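This briefing goes through one protein structure, from the whole chain down to single residues. Please keep the sequence and the 3D view open while reading.

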Amino acid sequence: MKRYLTAFICLLMINAITFGQTAENGKKQYKAVKVVTPPVINGILDDEAWQNGTWIDDFTQFEPYNGRAASQRTEFKIIFDEDNLYVAFKAYDTSPDSIVNRLSRRDNSDGDLVGIILDSYHDLRTGFLFGISSSGVKYDQVFTNDGQNEDSSWDPNWWGKTSINSEGWVAEMKIPFSQVRFEKNSGDIWGLQVARQLYRKNEMSFWQHIPKDAPGLIHLFGELAGLENIKPRKIFDVTPYAVGKLETFKAEPGNPFLDKGRLSKLNGGIDAKIGVTNNMTMDLTINPDFGQVEADPSEVNLSAYETFFSEKRPFFVEGNNITSFGIGIGDGDVGNDNLFYSRRIGRRPQGYPDLQDGMYADVPRATTILGAAKLTGKTKNGLSLGFIEAVTAEEKAEIYSEGETSYETVEPLTNYFVGRVQKDFNEGKTIIGGIVTSTYRDLVPSVEDLMHRSALSGGVDFTQYFKDKNWMFNLNTAVSQVSGTQKAIENTQKSSARYYQRPDNDYVTFDPTRTTLTGTGGRMQIGKMNGHLNFMGAMIWKSPGFETNDIGYLREADQMLSVLWFGYSQWEPKWIYRRYNINADVFLINNFGGDIVTKGFEWNVSTTLKNYWNFWTGGNIGSNVRDATILRGGPMMITPGRINGRIGFSTDYRKKLQFQVFTNFNQGFEKYFKSTYTGVDITYKPTNYLSLSLNPGFNKSFTELQYVTKRSYNNNDRYIFASIDRNTINASLRINLNITPDLTLQYWGQPFIASGKYYDHKYIVDPRAEKYSDRFHNYSESQIIRGSDYYEIDENSDGAVDYGFGKTDFNVQEFLSNFVVRWEYSPGSTVYLVWSQTRSGFNSSGTMDYFNDMGDLFNSDLNKPYNVFLVKFSYRFGLK
């Protein structure tokens, strides 16, 4: 008996060495086995194919106790045939009744999870994640830049099933080779990582251990062997779609475009994903429709700057990290600056017809995208490519006047192009890249002064890692040029991004005869990237003539920002906490005239406690600001500095009921500004298939210097301001009902009420006076005559009106909602049922009465909603 037991142990050792050995480089290695008859993907693992190969376990915690053995045993096995990779998992659990088995939408996993990450390029920088939750919800991502960037918009076509048993749960996957990219004859070694998330313990464990302070992830993966003879499969998926749409709205008698109160439309198009080479994929879309995409949130923007809205359209979201070329830093306003901002493609038309009394117009709400193509991929030698080409239609407003119909172009035929290239050297330690963007418009007289005829930008980026990727140096530099009519370039010079026309702007020249404008921008960073203590020094610059807003996003040019940042992180659970982070930075902003615009200090502290509650606080303090934009083309003005504080907490996100409370407070020196915002996020998951969330917020603010308008008096400019009290109440309600992993119902609704009351009108007299109160003059009662909707000014009190301006008080009401039923009846093939509704109202009271305002908004006699009902059907034809 002892002899047979010894032989059995030897056999197990041979299998372990063969299928789960350690390579010479110290990395674990798994050898996949080829099968002739593939398994049926049902989540049971009862097929003969799974008798091949060996189960491997030996997982190590990444989170929370990095380096410790996983608390529950996990085994996996990998087999393959000519076309597919098959992966099986056994997620053992000593408390199977505690498995968190919640249903959710794809890529929003909310429960126990297993997954495999494949570095099929074996470039040590790129990984393709295929994950599945215990309830069968798919979770897939692309990791780039050694795991520093994640793209969850990537949705490959693959199959996965799960089941729960008395020992834990089981997952089974079928991953077509066409869904991952690799070179021919490159299958000898792939990078491999296998992961499991134990949700109730917030535990993430890996097959190949990765230290928590590692500078990156992908280069530390284990290895997958045994695929030497596989051949790349070029993907070829074509997905035609058909859409039926019905719009209902308030009828307008006499308006020939709206007199019936309804419009209906049938539409169709084609999406395709085609493998051009073994590792290059082209995405095509012809006449795309994004009717299922959620609307942008409501806002009242009183600033001179454009609001940045995130991209939500699937074609442009997927792989957007490839074509990104950031010249900003951090989050928020400065962090959004980028040479490519895909929301420009298909934007709302920029022109609008000049209508006289008795005239009506039907103006398109958005520009039609005739077609777009996207080519992305990466070769085995580290060359990454990303190209986007899109064409949008000429859009015309149909104008009706006295029985006659005419047409006026409001957006010209336009071509957009983005080309992005990057090359890795020395196992990804050196990266050199470049980008080119272009916008060309076929302009006609009605819009030629509103926009540029052409816009070009180009950039070069260089990244170098040092000392095992612990240190990093990065340089992104770019140049831009826009061309157009003299009026178009004059408008660009006078835009809020640069204000060339400022009378005290002595370092640039405002030239209304220009037909081109050129500028440069860039970002430079150097820092330590891993370990408990980190730091970074950064500088970004954008010359006054830098302009990328035709296809990119630029909030403000004429700026140089310098930042020195320090951070300390502790991730090993101790005492009452699981982790905490402390960071702070000092910053300095200059313009290209050498002025110090402002400087300040910021700090942040956050911690996660042992009970998984989170607490955070932070703030900043800034000096006086030499503001070149507040007078909107007038001279620079000094405004007082500010101090900001914020604090918040959130409860355990794993629980059925969770909530978050946060508030921030802004106070301007000299008491010229004050703002508070308080928000609450509540999420309740009464069952494994239903999630409810409510996110109300309230903002109350006061500013003494709100721009109103500019007038002329005695050949002098009068920059007119006022004090304003603003109140905003907004809320977001979400209901997610997940019937199966492939059939979901989602509702989103947002009521929004905002009011603003202007008073204490004033004009600027000395914008740089040493004393704050000497910089403006409040109109006296004898100087201002208040009408019902207009103010008349008698500045010299001689009894004659010198100038005037309109009353600008407001009360804005809006309700947006979106109800979507989504059924993915086959991988890549979907049916959408959509109901979108918009209600909007306005009055000039300047005050808020929330319940009356909401009552008016939902009173159908006063405010009939705009409804869109949509049915969209698509079917994928292609290789499985």
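The model is predicted. The protein holds four helices and 51 strands. Its radius of gyration is 30 Å, close to the 29 Å that the globule rule gives for 880 residues, so the protein is as compact as a globular protein of that length.

**Overall build**

- Taken along the principal axes, the C-alpha atoms fill a box of roughly 120 × 60 × 50 Å.
- Of the 880 residues, 51% are buried.
- Among contacts between residues at least 6 apart in sequence, 63% join residues at least 24 apart.

**Surface and charge**

- Helix α3 spans residues 486–493, and its buried residues are Ala488, Ile489, Glu490, Thr492 and Gln493.
- These buried residues of α3 pack against β27 (471–483) and β28 (516–528).
- In helix α4 (residues 850–857), the buried residues are Asp853, Met854 and Leu857. They cover an arc of only 95 degrees around the axis, which puts them on the same side of α4.
- An α-helix has 3.6 residues a turn, so residues three or four places apart point the same way.
- The packing partners of the buried α4 residues are β43 (743–764), β48 (810–826) and β49 (829–843).

**Backbone features in loops**

- Most residues other than glycine have a negative phi, and most peptide bonds are trans.
- The peptide bond from Glu63 to Pro64 is cis, with omega near 5 degrees. Pro64 sits in the loop between β4 (60–63) and β5 (74–80).
- Trp575 is a residue other than glycine with a positive phi, near 50 degrees. The loop between β30 (559–570) and β31 (577–590) contains Trp575. Trp575 counts as exposed because its relative accessibility is 70%, and the cut-off for exposed is over 50%.
- Asn715 also has a positive phi, near 65 degrees. Its place is in the loop between β40 (697–713) and β41 (716–730). With a relative accessible area of 79%, Asn715 is exposed.

**Lys31**

- Lys31 belongs to strand β2 (residues 28–31).
- The relative accessible area of Lys31 is 38%, so Lys31 is partly exposed.
- Lys31 and Ile78 are 47 residues apart in sequence, and their C-alpha atoms are 8.0 Å apart in space.

Conventions
Residues numbered from 1 in each chain as written. Predicted model: local features only at pLDDT ≥ 70, side-chain atom pairs only at ≥ 80, totals over all residues. Heavy atoms only, no water. Helix = DSSP H or I, 4+ residues; strand = E, 2+ residues; numbered from the N terminus. Rg over C-alpha atoms; globule rule 2.2 N^0.38 Å. Buried < 20%, exposed > 50% of the residue type's maximum accessible area, 1.4 Å probe, protein only. Contact = heavy atoms within 4.5 Å. Arc of directions from axis to C-beta.
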